[in-house]
Amino acid sequence: KNLRPHLISSIVLLQAWSFSSSARMPSPITFLKRSLSRGKMEAASAAADPASPQAPRPPAANPSFTESVAKAEQTLIPAMERVQLATDPSGTLPVCPFAISHLKKEDVYDSKGVCPFHRKIHDARPTPQMSMDENVPIALSGRTHQTSERAAKLLKDIGGGDRIRELCTRFYALAFEDKVLDTFMFMDDGAAAHGQRLGDWIVQKMGGEGEPWTASGRLGMRQPSHHEAWTNSKRHPRLRGRHFELDDCRVWMRLMFWSARQVGLDQHRPFFKWYVRFISHFIAVYERQAPAYAAVEAEWSADQRNIDKYVADGRIMLDILDTPPEFYLPRAGQPAQRRA
């Protein structure tokens, strides 16, 4: 009961702050944390005055109070942080800087500020170690991918799993702006959260840093998630339900390898060559013709003219689409989608 007014005020503030064009109000997350602290202090003060008819039992002796505070601190605050990330239309809310597509890696690395999503400083590694040769093979048992010591060493060589998460965060920042890929996006928790999930999966496949994908509780969720993407209501009715097709895969690969360039991982030649092979292997799960295009699409972003034309065309790759472009444009009467 002591906490309820503070929690309601915090949620109202979050909603107002999320939809405010100026977002000048204090952070609702900070407001909630202060409210929880104030609620504890008020309860403790009331408990210290036995003459007060409103005095509750001391918090330590009140399991429901203790549980409410713990639940708010452990679940409500993280949930509000996810909502805060998802309702960021302008980059004014605290998101990973790699989730802001127009920020160059140099600006991110030079800032030396702690990333509010990853809770760390994204440090530059201007000169990759490249202590390995350039031909790290994909480890397979039959046709099944396996972790390997060489892939794990490669992960360490580029600076560890956070380098992969930076890459994947930047990929989703670009994907949310792409007219084709955005129609598959059904979860609105932001590029950094998407990047964390995909990054954890790739890191686990490489080996050497445990099993972050499994530990996240998402083991076995890849196929159900892709089904949600295929049937997403954001897709045109004539496309809804279709699986990933060749043009979808080619767009996906172009943005993925462009993201690797944007975070500087193309400079680590052994990794970049391995990564092209890695993506080529797994993209075949969704479209058997796609692997033949991996090497070509890896070079697409090396030519700035390709990127300039893509942006000028409204972030739609007209040169490879098999589907009419109007299928990816907003339809009359269709409400605008909120972007993560």
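Reader: What share of the residues of the protein chain counts as buried?
Author: This is a predicted model: local features need pLDDT of at least 70, side-chain atom pairs need pLDDT 80 or more, and totals for chains, interfaces and linings use all residues. Residues are numbered from 1 along each chain as its sequence is written, and side-chain values use heavy atoms, with hydrogens and water left out. Buried means under 20% relative accessible area, exposed over 50% and partly exposed in between, with a 1.4 Å probe and protein chains only. Of the 340 residues, the buried share is 45%.

Reader: How many helices and strands does the protein chain have?
Author: Both are DSSP runs, numbered from the N terminus: helices are H or I with at least four residues, strands are E with at least two. The protein chain has 13 helices and 4 strands.

Reader: Among contacts between residues at least 6 apart in sequence, what percentage joins residues at least 24 apart?
Author: Contact means heavy atoms within 4.5 Å. Among the contacts in the protein chain between residues at least 6 apart, the share joining residues at least 24 apart is 66%.

Reader: Which helices do the buried residues of α5 pack against?
Author: Helix α5 covers residues 149-158. Its buried residues are Ala-151, Ala-152, Leu-154, Leu-155, Asp-157 and Ile-158. Just after α5, Gly-159 takes a positive phi of about 115°. The buried residues of α5 pack against α6 (161-175), α7 and α11.

Reader: Which residues make the contact of α5 with α11?
Author: The axes of α5 and α11 come within 10 Å and cross at roughly 130°. That makes α5 oblique to α11; angles under 35 degrees count as roughly parallel, over 145 as roughly antiparallel, 65 to 115 as roughly perpendicular and the rest as oblique. Axes are lines fitted to C-alpha atoms, for helices over the stretch in contact, with angles from 0 to 180 degrees between N-to-C directions. The contact is made by Ala-151, Leu-154 and Ile-158 of α5 and Pro-270, Phe-271 and Trp-274 of α11.

Reader: How do the residues of the contact of α5 with α11 divide by class?
Author: Ala, Val, Leu, Ile, Met, Phe, Trp, Tyr, Cys and Pro count as nonpolar, Asp, Glu, Lys and Arg as charged, and the others, Gly among them, as polar. The contact of α5 with α11 has 6 nonpolar, no polar and no charged residues.

Reader: At what angle do α7 and α11 cross?
Author: In α7, Trp-201, Ile-202, Lys-205 and Met-206 meet Phe-271, Trp-274, Tyr-275, Phe-278 and Phe-282 in α11. By class, this contact has 8 nonpolar, no polar and 1 charged residues. The two helices are roughly perpendicular. Their axes come within 13 Å and cross at roughly 105°.

Reader: Which residues does Asp-200 touch, not counting residues up to four places away in sequence?
Author: Asp-200 is found in helix α7 (residues 190-206). At 7% relative accessibility, Asp-200 counts as buried. With those sequence neighbours left out, Asp-200 touches Arg-165, Pro-212 and Trp-213.

Reader: What is the angle between α10 and α11?
Author: Helix α10 covers residues 246-262 and helix α11 residues 269-283. The residues of α10 that meet α11 include Cys-249, Trp-252 and Met-253. By class, the contact has 11 nonpolar, no polar and 1 charged residues. The axes lie 12 Å apart, and the angle is about 160°, so α10 and α11 are roughly antiparallel.

Reader: How many aromatic pairs does the structure hold?
Author: Rings of Phe, Tyr and Trp (its six-membered ring) pair if their centres lie within 6.5 Å; planes under 30 degrees apart count as stacked, over 60 as edge-to-face and the rest as tilted. The structure holds 20 aromatic pairs.

Reader: Why is the pair of Phe-171 and Tyr-172 edge-to-face?
Author: Phe-171 is buried at 0% relative accessibility, and Tyr-172 is buried at 14%. Their ring centres are 5.0 Å apart. The pair is edge-to-face because the planes are at 70°.

Reader: Which residues form one aromatic cluster?
Author: The cluster includes Trp-201, which is one of the α7 residues that meet α11. Its members are Trp-201, Phe-257, Phe-271, Phe-272, Trp-274, Tyr-275, Phe-278 and Phe-282.
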